[in-house]
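Open the structure in your viewer and keep the sequence beside it. This tour tells you what to select at each stop and what you will find there.

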Amino acid sequence: MNQDKIIKLKDLVIQIFDLFIESPKKKTWKSMEDYWKSKEWKSLRNRVKKRSGNICEYCKTYSMYAVHHKTYERLYNEEISDLVGLCRDCHEKMHENT
Ligand SMILES: [Zn+2]
Ligand SMILES: [Zn+2]
């Protein structure tokens, strides 16, 4: 292998490495609105729905209306335990208190 080829190969390796470290960044969202429309958020919502049986996890009476964040600590990367499925009334109450 001549020197030229080695340099090109090095460039390629650096490019691949750049791609590699850039990819997790692509998982960030331009805005919260973008995130609410994402597959990732939809699948989290579905997991909360499954856990709650589509019934409000607070009053356990009305059907689930919203997925509420108990904490925004892990926003964009929430744990299922950060979220709670609430009916419309309970969700409104939750936001009145905070
Ligand atoms: Zn409720
Ligand atoms: Zn909420």
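The stops below go from the whole chain to single residues.

**Stop 1: the whole protein**

Select everything. This is a predicted model. The protein has 98 residues, and 11% of them count as buried. Colour by secondary structure and look for 4 helices and 2 strands. Starting at the N terminus, the order is α-α-α-β-β-α. Among contacts with a separation of 6 or more, 47% join residues 24 or more positions apart.

**Stop 2: colour by confidence**

The average for the protein is 86, and 78% of the residues score at least 70.

**Stop 3**

Select β1 (66-69) and β2 (83-86). The two strands run antiparallel, and 4 bridges join them. Pick Val67 and look across: Gly85 in β2 stands opposite.

Stay on β2. Are its faces covered or open? Both are covered. Leu83 and Gly85 are on one side, Val84 and Leu86 are on the other, and all are buried. In a regular strand, side chains alternate between the two faces of the sheet.

**Stop 4: the nonpolar core**

Select Val48, Cys56, Met64, Val67, Leu83, Val84, Leu86, Cys87 and Cys90. Together these 9 residues form the largest nonpolar core. Strand β2 supplies the largest share of this core, with 3 residues.

Zoom in on Cys56. Leaving out residues up to four places away in sequence, Cys56 touches Thr61, Tyr62, Met64, Gly85, Leu86, Cys87 and Cys90.

Next, centre on Val48, which is found in helix α3. Why is Val48 called buried? Val48 has 21 other C-beta atoms within 10 Å, and the cut-off for buried is 20 or more. Beyond four places in sequence, Val48 touches Val67, Ile80, Leu83 and Gly85. Draw a distance from Val48 to Gly85. They are 37 residues apart along the chain, yet their C-alpha atoms are separated by 6.2 Å.

**Stop 5: along helix α3**

Select α3, residues 39-52. Does its length agree or disagree with expectation? At 1.5 Å a residue, its 14 residues should span 20 Å. The end C-alpha atoms are 20 Å apart, so the two agree.

Step off the end of the helix. Gly53 follows α3, and its phi is positive, near 65°. Go on to Asn54, in the loop between α3 and β1. Its phi is also positive, near 65°, in a residue other than glycine. Most residues other than glycine have a negative phi. Asn54 counts as exposed because 12 other C-beta atoms lie within 10 Å.

**Stop 6**

Trp36 is found in helix α2, residues 32-36. With 12 C-beta neighbours inside 10 Å, Trp36 counts as exposed.

Trp41 lies in helix α3. It has 17 other C-beta atoms within 10 Å, so Trp41 is partly exposed. Setting aside residues up to four places away in sequence, Trp41 touches Tyr35 and Trp36.

Move to Tyr76, in the loop between β1 and β2. Tyr76 is not a glycine, but its phi is positive, about 80°. It is partly exposed, with 13 other C-beta atoms within 10 Å. Now draw two C-alpha distances from Tyr76. Trp41 is 8.0 Å away in space and 35 residues away in sequence. Trp36 is 9.4 Å away in space and 40 residues away in sequence.

Finish on Tyr72, in the loop between β1 and β2. Is Tyr72 buried or exposed? Tyr72 counts as exposed, because it has 10 C-beta neighbours inside 10 Å.

Key. Residues are numbered from 1 along each chain as its sequence is written. Chains are lettered from A and ligands numbered from 1 in the order in which they are written. Two strands pair if DSSP finds at least two bridges between them. Two residues are in contact if their C-beta atoms, placed from the backbone, lie within 7 Å. pLDDT is the predictor's confidence in each residue, from 0 to 100. A nonpolar core is a set of buried Ala, Val, Leu, Ile, Met, Phe, Trp, Tyr and Cys residues joined through C-beta atoms within 7 Å. The expected span of a helix is 1.5 Å times one less than its number of residues.
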